[in-house]
Amino acid sequence: MTYRNGGDLLVAVLKELGIDTVFGIVSVHNLPLVEAVDRELRFVPVRHEATAVNAADGYGRARGGLGCALTSTGTGAGNAAGSLVEALASGTSVLHVTGQIESRYLGEGRGFIHETRDQLGMLAAVSAYAATVPDAASAGRLLREAAATALAVPGGPASVEWPVDLQYAAQVDTPGTPATAEAPAAPDPAELAGARALLTAARRPLIWAGGGANRARPELLALLETTGAGLITSNSGRGAVPEDHPRVIGNFATTPAVRSLLADADALVTVGTHFRSNETADYGLKLPGAHVQIDVDRAALGRVYPVRHALRGDAARVLPSLTGAAAPADPDWTARVCAVRDEVRAALREGIGPQAAVCDALTAALPRGAVIARDVTIPSSTWGNRLLPMHDPRANVFPRGGGIGQGLGMGIGAALARPDVPTVVIAGDGGLAVHLGELLTLAQERPRLLLLVFNDGGYGVLRNTQDRYSDRRSGVDLHTPDFAGLAAACGLPYARIAAEADADGVIRGALAADGPSLVEVDLAALGPMKTPFTPPVSIPTA
């Protein structure tokens, strides 16, 4: 097949992939691509290239598929790199198509406009796949290879740089059989037999689900139901089993009550979790010796915690073999699991003080499965990542790599992917300021999105850390805008929560709107948490 230019080819490939919305910034080095996408699909002009990738990431997560971002070469591609790091850390599927200078000048270092040294090397460092379009007959193949890599387990972003002269050229495309991932490895038979025997004998089992369990939801639920075990999750594994299930303890592994469960368990099955430092008390959390670990990544097996039986393979294929051998837990153990679930939630709700009213209002007003996107901020790190119920992994959107400022972009992408339900973004005033310009994207595109800004006048989590461990504050107290005036300037509806009694009515009103709104939570007026939150990281001088 032939296409008039690269933009027409890109649109054809995106339609094959089921992508109807693309995020990016127009440039002289991607103009043919943007023009074709804007003509045939929906092009969302974000205000920063990092947001283009974040929004494509959120779009893909909310749909359970692939998102697409378009950026320019040089500085534009560099701006996107930090958000590609997030997608790589999360294993989320993003197709990143970036411009490049004319092919005849590549590698000469003559200072051509938008040129950067070894752009492909930069992209390779932050992507699961990176390639340069070498001629007008290869672009279709490379785009499909990139998409296949992004969608394969363990996933991640795929970047294609496209010289601008080749974008303008007529394209020759030979669609073939779509690239497919290699068949997943099967666990070692002896290891599988040992794991089955362990579960047959276990009477106090626990399961820990990470992001790798999200592709094995029915199989995970079957193991949970058969064993009567308790389910701990990482943040990434939330929603793999709906969190209103009575034995889903959730993202509470380091709490005293769950530590006690782990100490008394006689078997632990972990599924697709990498035991991130902030979820294991910097690896100080103790796990049972009778540990069965399932992961498609060979390097992950036993990397953080010792395992008795390491099962390499896709969780959806491996879990049924364990379920068939599992025996029911002791009834007293199952009852204890249910009690711990209630205990940790009640303790956290009590500890967040007046913010519990905001959490309760969101829980009551949001439809089941609505996307809750969280930037890295105190409300997210405390109750947003634990108490707000997740019933579907596609609703659970947050920066797993821990970078601030990415939540609004992710939320915009998710809201445009799921226009049938409202999306909520939880952000702090400090994180929002990183990409404040995206308020204009929000106003222009008008998705059903509630932006909930928790305003404490700076970087609250670092302020709390310095107050606890240092003798002065440095860089944490920031000038904060008048959010009412800012919302008015952007054409966004605005409301304020300054007391617990405000929360329910304000949130219900904002979620009922057919478009975006900005709600400021005035933390100085609302009142503090009972215990100031500090991050779960080690301070050597503490």
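## Strand pairing in a predicted model

Two strands are said to pair if DSSP finds at least two bridges between them. That definition applies to strand β9, which is joined to strand β12 (residues 267–271) by 5 bridges, the two strands running parallel. Within this pairing, Val271 in β12 is the bridge partner of Ala209. The structure described here is a predicted model.

β9 also pairs with strand β10 (residues 230–233), again in the parallel sense, over 4 bridges. In β10, Thr233 is the bridge partner of Ala209. Strand β9 (residues 205–209) is mostly covered, with 5 of its 5 residues buried. Pro205, Ile207 and Ala209 point one way from the strand, whereas Leu206 and Trp208 point the other way, and all of them are buried.

## The chain as a whole

The secondary structure of the chain comes to 21 helices and 20 strands. Along its principal axes, the C-alpha trace spans about 70 × 60 × 45 Å. A compact globule of 542 residues would have a radius of gyration near 24 Å, and the 24 Å of this chain agrees with that expectation.

Of the 542 residues in the chain, 57% are buried. Contacts between residues at least 6 apart in sequence may also be considered: 75% of them join residues at least 24 apart.

## A parallel open sheet

An open sheet is formed by 6 strands in the order β3-β2-β4-β5-β7-β6, and the pairing is parallel. Its edge strands, β3 (42–45) and β6 (129–132), each pair on one side only. From one strand to the next, the twist averages 20°.

Arg42 in β3 is the bridge partner of Thr21. Helix α6 (residues 139–151) lies across β5, β6 and β7, and runs at about 165° to β7.

## Helix α4 and its kink

Helix α4 (residues 75–90) has 16 residues. From its first C-alpha to its last it reaches 24 Å, close to the 22 Å expected at 1.5 Å a residue. The helix has a kink of about 35°, centred on Gly82. Just after α4, Gly91 takes a positive phi of about 65°.

Which residues of α4 are buried? They are Gly76, Ala77, Ala80, Ala81, Ser83, Leu84, Glu86, Ala87 and Ser90. An α-helix has 3.6 residues a turn, so residues three or four places apart point the same way. The list of buried residues in α4 includes Ala77, Ala80, Ala81 and Leu84. What do the buried residues of α4 pack against? Their neighbours include three strands of the open sheet, β4 (67–71), β5 (94–100) and β7 (157–163). They also pack against the helices α3 (49–63), α5 (119–125) and α15 (407–417).

## Helix α3, a neighbour of α4

Helix α3 is one of the elements against which the buried residues of α4 pack. It has 15 residues and reaches 21 Å from its first C-alpha to its last, close to the 21 Å expected at 1.5 Å a residue.

Why is α3 described as largely enclosed by the rest of the structure? The description holds because 14 of its 15 residues are buried, where buried means under 20% relative accessible area. Just after α3, Gly64 takes a positive phi of about 70°.

Terms used:
Residues are numbered from 1 along each chain as its sequence is written. This is a predicted model: local features need pLDDT of at least 70, side-chain atom pairs count only at pLDDT 80 or more; totals for chains, interfaces and linings use all residues. Side-chain values use heavy atoms; hydrogens and water are left out. The expected span of a helix is 1.5 Å times one less than its number of residues. The bend at a residue is the angle between axes fitted to the seven residues ending there and the seven starting there. Buried means under 20% relative accessible area, exposed over 50%, partly exposed in between (1.4 Å probe, protein chains only). Contact means heavy atoms within 4.5 Å. Axes are lines fitted to C-alpha atoms, for helices over the stretch in contact, and angles run from 0 to 180 degrees between N-to-C directions. The radius of gyration is taken over C-alpha atoms; the globule rule is 2.2 Å times the number of residues to the power 0.38.
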